[in-house]
Amino acid sequence: MTAEGKPFACLTCYDATTARRLARAGVHVLLVGDTAAEVVLGLPRTIDMPLEVLLALTAGVKRGAPEAVVMGDMPFMSYQADEGEAIRNAGRFLTEGLADIVKLEVDASFAGLVGKMSRAGIPVCAHIGSRPQRAAMSGGYAAAGRTAEDARSIVEDSSAMVRAGAKMLLIEAVPEEVTALVLPAVAREAEGRVVPVIGIGAGTACHGQVIVWQDLVGLTETPPRFAEPVADLGRAVEEAGRAWVDRVANRAIGGRGYAMRPGESERLRAGNTEDKSQTFPHPRMVEHKRGAR
Ligand code: KIV
């Protein structure tokens, strides 16, 4: 799509059910972000995201949407401390997490690691600009590239990542002047390859755009300034919760109940319940479908 000049859509996603729906809606890339720490696990910071949990969530998203490009986000300390460990963890995203590509928050100093991952056969998306995993260094989540020096070093990061072999870039929370310099720098370094740049809070010029799903549908209470909701699912969820509370209170839970097999109700009332041993098929022989229960 980037080669044809068509913008592509990316959303964060953390479960199979939502993934299936989003793929059906035509969303091209599903990012299983470390934002799961906050929006799924209720942890205070993205650096609290456990690797094992993110691997499991990533696999769930791919199982829900096999046709989508699924991007696994490498959590804090899964790639910063040691290159061997980083490459093995990235590999786990492809094998156990079923991811198509892994994302790392990087600057130019990670070029060696990104090169080794690429040579090992691991497609990398280089996340540049604002890097939430480094929030402790600046006292919180903040925009990047707001000074000329910072903007220049982000452009250098983007070039270094493309030279290192990154297949995609993601640029977060920068003024559009920075994006306007990053895009031609990426195209120059790519030398004919197509290296799409996904933006989040980085203006409209990027090849793809991403946003946190919960921010898009109005589930989060304080979305970032660049995330304009398209729906108010927050209110819809609360209304559904209240409707269920009312149904339960009124003993009107809806749906269809179960009936006893013919004659069993009479036998039960007559006290005629001696063992009529039944054999059941092995559970693996039964097709488990939620709707069939
Ligand atoms: O973890 C995440 O969800 C992200 C997006 C906000 C880009 O990195």
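In this predicted model, the ligand is surrounded by ten residues of the protein: Thr12, Leu31, Gly33, Asp34, Thr35, Asp73, Lys103, His127, Leu170 and Ile200. The space that the ligand takes is the largest pocket of the structure.

Threonine 35 has a side-chain N or O atom 2.5 Å from a ligand oxygen. For lysine 103, the separation between a polar side-chain atom and an oxygen atom of the ligand is 2.9 Å. Aspartate 73 likewise has a side-chain N or O atom, here at 3.0 Å from an oxygen of the ligand. These pairs count as polar contacts because the two atoms of such a contact lie within 3.5 Å of each other. As for its surface, the ligand taken alone exposes 260 Å², and the protein buries 96% of that area.

Attention may now turn to the cysteines. A disulfide is a covalent bond between the sulfur atoms of two cysteines. How many disulfides does a search of the whole structure find? The search returns zero. Cysteine 10 takes part in no disulfide, and the cysteine sulfur nearest to its own, that of cysteine 125, is 8.2 Å away. Cysteine 125, in turn, is in no disulfide, its nearest cysteine sulfur being that of cysteine 10 at 8.2 Å. The pair is not counted as a disulfide because the two sulfur atoms would have to lie within 2.5 Å, whereas they are 8.2 Å apart.

Are these two cysteines buried or exposed? Cysteine 10 is buried, since its relative accessible area is 3%. Cysteine 125 is buried as well, with a relative accessible area of 0%. Both values fall under the 20% limit that defines a buried residue.

Note on methods: Residues numbered from 1 in each chain as written. Predicted model: local features only at pLDDT ≥ 70, side-chain atom pairs only at ≥ 80, totals over all residues. Heavy atoms only, no water. Near = heavy atom within 4 Å. Polar contact = N/O pair within 3.5 Å; in protein donor to acceptor, adjacent residues only side chain to side chain. Areas by Shrake-Rupley, 256 points an atom, 1.4 Å probe, with all protein chains shown as cover. 1 Å grid on protein atoms, 1.4 Å probe; cavity = no way out; pocket = protein on both sides within 12 Å on 5 of 7 lines; lining within 4 Å. Sits in = over half its atoms within 2 Å of the grid points. Buried < 20%, exposed > 50% of the residue type's maximum accessible area, 1.4 Å probe, protein only.
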